[in-house]
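Dear colleague,

My notes on what was found in it follow directly after.

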Amino acid sequence: MNDLAGLQQRFLAAITRSADGLDTELRADGGIDVDLGLGIYRHAYQARLREVLGKDHARLATALGD
C-alpha cells in the first residue's frame, strides 16, 4: 500500500471510529487545532450519512432513531 492510501485509511478510521494516532501525521497549517479539525470532519461525515439515510431509506431511519 502506498503512503497516500495508508493515510486515507487512517483518516477514515479517525473520523468513523475515533482512532488515535493520526494527529501526529497532520499539522494545523490553517490555524485550527488538529483535534478540532478532525472533530469537524467526524461530525460532517456522520451528518451526511444521517441525511442520506433519512432521504433514501426513511423507514429504516425511523426504525433506527437517533
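In which helix is Ile40 found? Ile40 belongs to helix α2. Please keep in mind throughout that this is a predicted model.

Overall architecture

The protein chain contains three helices and zero strands, and its elements run α-α-α from the N terminus on. Of the 66 residues in the protein chain, 14% are buried. The chain exposes about 5,400 Å², and 54% of that area is supplied by carbon and sulfur atoms. When contacts between residues at least 6 apart in sequence are considered, 33% of them join residues at least 24 apart.

Helices α1 and α2

Helix α1 covers residues 3-16. Its 14 residues reach 20 Å from the first C-alpha to the last, close to the 20 Å expected at 1.5 Å a residue. Gly6, Ala13, Ala14 and Ile15 are the residues to look for here, as they are buried in α1. The buried residues of α1 pack against α2.

Helix α2 spans residues 34-56 and has 23 residues. From its first C-alpha to its last, α2 reaches 33 Å, which is close to the 33 Å expected at 1.5 Å a residue. Val34, Gly37 and Leu38 are buried in α2, and what covers the buried residues of this helix includes α1. At the start of α2, a side-chain oxygen of Asp33 comes to within 3.1 Å of the backbone nitrogen of Asp35.

The nonpolar patch

Ile40 also takes part in a surface feature. Together with Ile32 and Leu36, Ile40 makes a nonpolar surface patch of about 280 Å². Ile40 counts as partly exposed because its relative accessibility is 48%, a value between the 20% and 50% cut-offs. Ile32 is found in the loop between α1 and α2. Ile32 likewise counts as partly exposed, because its relative accessibility is 43%. Leaving aside residues up to four places away in sequence, Ile32 touches Gly37 and Ile40.

The salt bridge

How many salt bridges does a search of the whole structure find? The search finds one. In this salt bridge the side chains of Glu51 and Lys55 meet, at 3.1 Å from N to O. In general, side chains of opposite charge can pair when their charged atoms come close. Glu51 and Lys55 both lie in helix α2, four residues apart, which is about one turn of the helix. An α-helix has 3.6 residues a turn, so residues three or four places apart point the same way.

Are the two partners buried or exposed? Glu51 is partly exposed, with a relative accessible area of 44%. Lys55 has a relative accessible area of 63% and is therefore exposed, the cut-off for that class being over 50%.

With kind regards

Definitions and conventions. Residues are numbered from 1 along each chain as its sequence is written. This is a predicted model: local features need pLDDT of at least 70, side-chain atom pairs count only at pLDDT 80 or more; totals for chains, interfaces and linings use all residues. Side-chain values use heavy atoms; hydrogens and water are left out. Helices (H or I, at least four residues) and strands (E, at least two) are DSSP runs, numbered from the N terminus. The expected span of a helix is 1.5 Å times one less than its number of residues. Buried means under 20% relative accessible area, exposed over 50%, partly exposed in between (1.4 Å probe, protein chains only). Contact means heavy atoms within 4.5 Å. A polar contact is a pair of N or O atoms within 3.5 Å; within protein, one must be able to donate a hydrogen and the other to accept it, and residues adjacent in sequence count only if both atoms are side-chain atoms. A salt bridge is a side-chain nitrogen of Lys or Arg within 4 Å of a carboxyl oxygen of Asp or Glu. Patches are made of residues with over 30% relative accessible area and no salt bridge: like charges are joined within 9 Å, nonpolar side chains (Val, Leu, Ile, Met, Phe, Trp, Tyr) within 5 Å. Accessible areas come from the Shrake-Rupley method with a 1.4 Å probe; for residues, only the protein chains shown count as cover.
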